[in-house]
Number of protein chains: 2
Amino acid sequence: MSLIIVGSLALDTIVAPAGSVTDVPGGSTSYCSIAASYFSNPSIVGVVGEDFPESVITLFKDHRVDLTGLSIESGKTFRWGGRYADNFDDRTTLFTDLNVFESFNPTLPETYKDAGYVLLANIHPGLQHHVLDQMNSKPFVVLDTMNLWINTALDDLIALFKRVDMLVINDEEARMLTDERNFAKAARKLQAMGPKWIVIKKGQHGALLFHESQVFSAPGLVLDEVIDPTGAGDTFVGALIGYLAQSKDHSFDNMKLAVIFGSVLASFCVENFSVDGITYLEESDLDDRYDAFVLMSQF
Amino acid sequence: MSLIIVGSLALDTIVAPAGSVTDVPGGSTSYCSIAASYFSNPSIVGVVGEDFPESVITLFKDHRVDLTGLSIESGKTFRWGGRYADNFDDRTTLFTDLNVFESFNPTLPETYKDAGYVLLANIHPGLQHHVLDQMNSKPFVVLDTMNLWINTALDDLIALFKRVDMLVINDEEARMLTDERNFAKAARKLQAMGPKWIVIKKGQHGALLFHESQVFSAPGLVLDEVIDPTGAGDTFVGALIGYLAQSKDHSFDNMKLAVIFGSVLASFCVENFSVDGITYLEESDLDDRYDAFVLMSQF
């Protein structure tokens with residue numbers, strides 16, 4: 001077990017300019033684990049209801065995702081619905097039915113407890129603490145979160161910062177946490193709160209990686225068409241830690257590559273609904289997209 | 001005369017979080033010409049009043065700016081005042097006193113008319129047409145503009161697009177002109193309007209260069225401190241065309257470097273008030289800053 005991913009599993013309804021889909025695979029763990037699977041064999045912890053489609057289980061297995069930590073409980077799977085405005089200016093949540101996810105209490109199988117890498121995907125910080133409490137090893141921990149927890153569980157989150165190696169957040173969340181719009185200052189404040197590695201995601205503008213006094217700017221791929229941005233951030237962090245868990249190299253140069261491969265997978269993610277953009281990719285697809293990142297940013 | 005720059009010359013009053021300054025060098029031509037001077041000897045066309053400080057004339061001369069096309073008229077110099085909000089969220093115009101600039105009608109000295117490069121810095125599109133009408137040569141023309149002319153002189157501007165080689169605008173202006181938030185689509189629409197080269201400036205997120213089907217993404221330097229963003233866009237385009245006029249190489253690879261040197265100079269610009277960040281730089285300053293761009297974007 002080299003990589004553990006703990007987060008949500010859901011069935012999403014998405015309404016976007018290009019169309020709409022109902023009860024498609026969603027939740028942070030779906031995106032994170034499929035993205036990570038191109039580099040590592042991730043093991044997930046999560047809960048779904050009895051209505052969770054067998055086809056999605058098959059999809060995970062096809063991507064060599066270890067499902068030992070998946071529990072199927074009586075009741076319905078977590079459902080989320082969102083609508084994107086034209087031009088993706090805005091996203092409105094249509095509904096959030098937690099269902100079996102409401103009482104999710106992540107319990108790690110024994111085989112998970114010695115993992116070298118842990119991705120705390122977006123769930124309540126209290127549950128993220130609980131995951132770390134169960135580890136025997138001292139893994140490299142990557143933390144994802146969201147504005148909801150900054151607003152409602154800030155103390156838990158701040159305490160968590162001292163227990164993780166890398167924090168991955170978006171520009172708006174960085175500003176909420178630090179009251180700084182300047183990325184350099186925001187990153188320094190976040191580093192002082194605990195994580196040695198800070199990644200600030202900037203959507204179509206790419207991402208910034210900070211470590212000690214070093215900075216790396218990954219470009220956002222200039223895409224002709226965005227179909228569905230749902231899960232792009234989860235996909236980014238999943239691929240990032242998947243690459244890291246495979247290479248086991250924490251040098252700044254290798255972390256740059258992890259950020260680039262996160263960006264590569266995220267660029268596929270937004271090109272289709274749900275996880276459709278990141279399933280069953282060939283190695284040549286990844287190579288071609290990596291080359292596109294090289295071409296657009298090297299001088 | 002290899003490079004002609006036509007734009008405004010002003011004395012600015014700037015109120016920013018770090019302090020305020022009064023009657024300091026401003027206007028697009030001041031920034032453009034000083035930035036270009038690190039690569040070429042730019043020749044400017046512009047008008048100032050009798051109150052224009054001799055010290056600024058000296059500053060231009062120190063930077064090898066050819067002032068043959070500068071006319072000093074009776075009356076006062078164009079004055080502009082602006083105030084930046086905390087965090088640079090917003091800029092409010094305090095006053096705009098056009099003074100002698102109100103009747104500016106750029107007339108090119110004979111020695112300018114065979115230039116190989118022309119920068120139409122930010123002035124009314126009608127005046128920009130008038131500049132091109134006077135050229136004997138068929139120069140490489142770079143066009144800068146602003147939201148004011150998109151709102152008030154759109155027909156003139158659209159007609160101008162067919163006469164220029166490169167359009168340099170910011171992300172908001174690109175959206176105003178194309179109704180597209182997607183950069184790839186916006187750039188394609190702009191290319192269809194005339195300019196073969198499109199540069200979209202994204203502030204602290206860097207800049208995008210488009211030519212045919214090629215794209216280059218220049219990073220924004222992550223700066224600890226921004227003092228005054230006034231003129232950063234002018235500085236960017238000035239350095240860009242200055243580099244181009246020196247190298248005379250219109251390959252995509254060389255254009256990438258022109259965009260990077262534009263970004264290098266712009267990063268110096270914002271570190272101090274007015275043009276203070278870009279005056280009297282040493283070659284080693286430019287080299288060090290270029291290296292910082294390499295370090296933060298190459299993987």
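In this predicted model, A:Y280 has 10 other C-beta atoms within 10 Å; a residue counts as exposed at 12 or fewer, so A:Y280 is exposed. This tyrosine is found in the loop between α9 and α10 of chain A. Its backbone deserves attention, for A:Y280 has a positive phi of about 55° although it is not a glycine. Most residues other than glycine have a negative phi.

B:D179 is not a glycine, yet it has a positive phi of about 60°. The residue lies in the loop that runs between α6 (171-178) and α7 (183-192) of chain B. B:D179 counts as exposed, with 11 C-beta neighbours inside 10 Å.

Chain A contains 10 helices and 13 strands. Its radius of gyration is 18 Å, close to the 19 Å that the globule rule gives for 299 residues, so chain A is as compact as a globular protein of that length. Taken along the principal axes, the C-alpha atoms of chain A fill a box of roughly 50 × 45 × 35 Å. Of the 299 residues in chain A, 51% are buried. Among the contacts in chain A with a separation of 6 or more, 67% are between residues 24 or more positions apart.

Where in chain A can burial be seen along a helix? In helix α1 (residues 28-36) of chain A, 9 of the 9 residues are buried, so this helix is largely enclosed by the rest of the structure. The buried residues of α1(A) include A:Y31, A:C32, A:I34 and A:A35, together with A:S28, A:T29 and A:S30.

Helix α1 (residues 28-36) of chain B contains B:A35. This alanine has 34 other C-beta atoms within 10 Å; the threshold for burial is 20 or more, so B:A35 is buried. Leaving aside its neighbours within four places in sequence, B:A35 is in contact with B:T235, B:G238, B:A239, B:G242, B:L265 and B:I278. B:A35 and B:I241 are 206 residues apart in sequence, and their C-alpha atoms are 9.4 Å apart in space.

The next topic is a pair of helices in chain B. The axes of α8 (residues 232-247) and α9 (residues 252-269) of chain B come within 7 Å and cross at roughly 140°. The crossing of α8(B) and α9(B) is right-handed. Residues of α8(B) that make the contact include B:T235, B:F236, B:A239, B:L240 and B:Y243, while those of α9(B) include B:L257, B:F261, B:V264 and B:L265. By class, the contact of α8(B) with α9(B) has 15 nonpolar, 5 polar and no charged residues.

Finally, the contact between the chains takes 24 residues from chain A and 24 residues from chain B. On the side of chain A that touches chain B, α7 (183-192), β13 (214-218), α9 (252-269) and α10 (283-297) each supply at least two residues. That side of chain A has 13 nonpolar, 6 polar and 5 charged residues.

Methods. Residues are numbered from 1 along each chain as its sequence is written. Chains are lettered from A and ligands numbered from 1 in the order in which they are written. This is a predicted model: local features need pLDDT of at least 70, side-chain atom pairs count only at pLDDT 80 or more; totals for chains, interfaces and linings use all residues. Axes are lines fitted to C-alpha atoms, for helices over the stretch in contact, and angles run from 0 to 180 degrees between N-to-C directions. Helices (H or I, at least four residues) and strands (E, at least two) are DSSP runs, numbered from the N terminus. A crossing is left-handed if the near helix is turned anticlockwise from the far one by less than a right angle, and right-handed if clockwise. Two residues are in contact if their C-beta atoms, placed from the backbone, lie within 7 Å. Ala, Val, Leu, Ile, Met, Phe, Trp, Tyr, Cys and Pro count as nonpolar, Asp, Glu, Lys and Arg as charged, and the others, Gly among them, as polar. The radius of gyration is taken over C-alpha atoms; the globule rule is 2.2 Å times the number of residues to the power 0.38.
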